[in-house]
Amino acid sequence: MNIFGIGLPEMALIMVVALLIFGPKKLPEIGRSLGKAIRGFQEASNEFQSEFKRETEQLEQAVKTTAQIEPKQIEEAKSEQDNAGSSPAA
């Protein structure tokens, strides 16, 4: 078991030190607060990822639409240019 580069013996040592510093009554409260903070961070991270993914998909769709429309506009511009160039000057 390796969490954040900390193995099981290191985790046990941290828990013993925390138990000695905060005491058995305060430790569950600290654990709850830490759990809520981690959960909040995970929710914010998931929200950021979903927003980033949504924006990426919108950008890809815009690029795809532009790629479909642009060749048609180029052809229209060329045909207009050809028509303007072939019409007699007044």
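The side chains of Arg 54 and Glu 51 meet in a salt bridge, with 2.5 Å from N to O, where a salt bridge is a side-chain nitrogen of Lys or Arg within 4 Å of a carboxyl oxygen of Asp or Glu. This is a predicted model, in which local features need pLDDT of at least 70 and side-chain atom pairs count only at pLDDT 80 or more, while totals for chains, interfaces and linings use all residues. Residues are numbered from 1 along each chain as its sequence is written, and side-chain values use heavy atoms, with hydrogens and water left out.

Arg 54 and Glu 51 are separated by about one helical turn, because they are three residues apart in helix H1; helices (H or I, at least four residues) are DSSP runs, numbered from the N terminus. Arg 54 has a relative accessible area of 41% and is therefore partly exposed, and Glu 51, at 34%, is partly exposed too. Here buried means under 20% relative accessible area, exposed means over 50%, and partly exposed lies in between (1.4 Å probe, protein chains only).

The count comes to two salt bridges, and another pairing is that of Glu 29 with Lys 26, whose side chains meet at 3.7 Å, N to O. Glu 29 and Lys 26 both lie in helix H1, three residues apart, which is about one turn of the helix. With relative accessibility of 40%, Glu 29 counts as partly exposed, and so does Lys 26 at 39%. Side chains of opposite charge can pair when their charged atoms come close.

The structure also holds one aromatic pair, formed by Phe 48 and Phe 52, which are stacked with 6.3 Å centre to centre and 25° between the planes. Rings of Phe, Tyr and Trp (its six-membered ring) pair if their centres lie within 6.5 Å, and planes under 30 degrees apart count as stacked, over 60 as edge-to-face and the rest as tilted. Phe 48 and Phe 52 are four residues apart in helix H1, so about one helical turn separates them. Phe 48 counts as exposed because its relative accessibility is 57%, and Phe 52 is exposed at 54%.

Finally, Leu 13, Val 17, Ile 21 and Phe 22 make a nonpolar surface patch of about 400 Å². Patches are made of residues with over 30% relative accessible area and no salt bridge, with like charges joined within 9 Å and nonpolar side chains (Val, Leu, Ile, Met, Phe, Trp, Tyr) within 5 Å; accessible areas come from the Shrake-Rupley method with a 1.4 Å probe, and for residues only the protein chains shown count as cover. Phe 22 is found in helix H1, which covers residues 8-86, and counts as partly exposed because its relative accessibility is 44%.

Terms used: Helices (H or I, at least four residues) and strands (E, at least two) are DSSP runs, numbered from the N terminus.
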